[in-house]
Amino acid sequence: METLKERALRAMPGGVNSPVRAFRAVGGEPIFARRASGAELETEDGRRLIDYCMSFGPLILGHAHPDVVGAITDAAARGTSYAVTTRAEIELAEMIREAVPSMERVRLVSSGTEACMTAVRLVRGYTGKSKVLKFSGCYHGHADCMLVKAGSGVAGIASASSAGVPEGCAADTLVARYNHIEDVEALLAEHGNDLAGIIVEPVAANAGLMLPEEGFLHSLRRLADQHQALLVFDEVINGFRFTYGGYQSICGIQPDLTCLGKIIGGGMPVGAVGGRADIMESLAPLGNVYQGGTLSGNPVSVASGLATLKRLREDQPYPVLEQRTARLVAGIKTAASEAGIPIQIPAIGSIFAMMFTEHVIHDFDDVMATQQDLYVNVFHNCLQQGVYLAPSPVEVSFVSTAHTDEHIDKTIEVIGQAITRLKT
Ligand SMILES: *Cc1c(COP(=O)(O)O)cnc(C)c1O
């Protein structure tokens, strides 16, 4: 009989609707999900896995949380899309404003990519300038001007990282190394007059995990102001992950615009861009920066997001999430040190990344210099033992409120054994 994989490959490019699901970064057979509940994912071949991928971030409450499923079911029964404004959309925008006060006005979209694409258009439309600065290893969705890598030299004008992105488009993006403010200063010395904005993941969680060093984000705020440019925090992963609100409330920096996604949709497609009222009001219909969407503010997605945020606001699970994650990380570190395997596990709140190196991670070059083959080996050993880690050495793993102490104990044991086995 034809396998699911064979059917998938015939029907969809690479058998997937998003590349990382093909497991190219780890090799081997991709998994096929049939259901999930809490911290556990069940595959089509009947394996039950403790899930640390968690849909790459939206599921901070775990899979199929009853509040979220209930809200989705109720909303769907009242109609799945109206394309006129609803009370629930207003409520979600209000909850976001309250939790992230720099977002004076909020526009809901359907993905993180759309949020970032709109933020980039807004910074250009508002300032009338063309160049946008981003950092190596930060991901801002798959809009043309963000699908770029550093050109020749460490910092400079970008070149396209995907076919189909015109070089002319990439040339309006500048790329600097994360945590290297001197790169930003050098780029601004040359292109400062043309700088429309700087976009950054305050905690960079799409390149392993890179934590911002003392002063880095503050310097970005200062340099953006000095050049009459806007500062955009891409908090699509960060938002509501470390606290009920943005990382901006932790670091004490007010960006001009913020992008959200993932958690604010609770597993349904949602994104949001928001920020200073005068900037946001350059969006159509008030201003001349166009953005729109048939399914923007979709009632089913909004219901899912509202249920998720309400649960988080009420339960404030962040200290517990952080403790569980810290215990897991400590357990892995102990196993690695007993096995004599050098490892770095940057962690914050409920995310962590296992990187096999003895060097502390500062930037994307450090991430790329880690022993990714060791991660791949550990990943497969864990998968065999029922623990599903992020299927790529450059993605983070996510802990949810559904991960119990028993899940954590089992995971420490499984990862510990996998690391010990690296010696042989
Ligand atoms: C996931 C992500 C995006 C893109 O969001 P999609 O919903 O996948 O389009 C953008 N920025 C960051 C920081 C992300 O983690």
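A: A residue counts as buried under 20% relative accessible area and as exposed over 50%. With these cut-offs, one may turn to helix 2, where Pro66 and Ala77 are exposed. The model is predicted, and the pLDDT of the chain averages 97, with 99% of the residues scoring at least 70.

Q: Where in the chain is confidence lowest, and where is it highest?
A: The lowest confidence is in strand 6 (residues 148-150), with a mean of 88. The highest is in strand 11 (residues 257-260), at 99.

Q: Which residues of helix 2 are buried?
A: They are Val68, Ala71 and Ala75. These residues lie on the same side of helix 2, because they cover an arc of only 65° around the axis. Pro66 and Ala77, the exposed residues, are on the other side.

Q: Against which element do the buried residues of helix 2 pack?
A: They pack against helix 10 (299-315).

Q: How many residues has helix 2, and what follows it?
A: Helix 2 runs over residues 66-77 and has twelve residues. From its first C-alpha to its last it reaches 16 Å, close to the 16 Å expected at 1.5 Å a residue. Gly79 follows helix 2 and has a positive phi, near 120°.

Q: Which residues other than glycine have a positive phi?
A: Met54 is one of them, with phi near 45°. Met54 is located in the loop between strand 3 and helix 2, and it counts as buried because its relative accessibility is 0%. Asn179 is another case, with a positive phi of about 70°. The loop that holds Asn179 is between strand 8 (173-177) and helix 6 (181-191). Asn179 has a relative accessibility of 11% and therefore counts as buried.

Q: Where is the cis peptide bond that involves Pro285?
A: It runs from Ala284 to Pro285, with omega near 10°. Pro285 belongs to the loop between helix 9 (277-280) and helix 10.

Q: In what order do the strands of the open sheet stand?
A: The sheet has four strands in the order 1-2-3-15, and the pairing is mixed. Strand 1 (33-37) and strand 15 (387-388) are at the edges with a single partner strand each, so one side of each has no neighbour in the sheet. Between strand 1 and strand 2 (residues 40-43), the pairing is antiparallel over four bridges. Within this pairing, Ala33 stands opposite Thr43 in strand 2.

Q: Which helix lies across strands of this sheet?
A: Helix 14 (residues 405-421) lies across strand 2, strand 3 (48-51) and strand 15. Helix 14 runs at about 95° to strand 3.

Q: Which strands pair with strand 8, and in what sense?
A: Strand 5 (residues 131-136) runs parallel to strand 8 and is joined to it by five bridges. Val132 has Thr173 of strand 8 as its bridge partner. Strand 7 (residues 156-160) pairs with strand 8 in the antiparallel sense over two bridges. The bridge partner of Ile157 in strand 8 is Leu174.

Technical notes:
Residues are numbered from 1 along each chain as its sequence is written. This is a predicted model: local features need pLDDT of at least 70, side-chain atom pairs count only at pLDDT 80 or more; totals for chains, interfaces and linings use all residues. Side-chain values use heavy atoms; hydrogens and water are left out. The expected span of a helix is 1.5 Å times one less than its number of residues. Buried means under 20% relative accessible area, exposed over 50%, partly exposed in between (1.4 Å probe, protein chains only). The arc is that of the directions from the helix axis to the C-beta atoms. Contact means heavy atoms within 4.5 Å. Two strands pair if DSSP finds at least two bridges between them. Axes are lines fitted to C-alpha atoms, for helices over the stretch in contact, and angles run from 0 to 180 degrees between N-to-C directions. pLDDT is the predictor's confidence in each residue, from 0 to 100.
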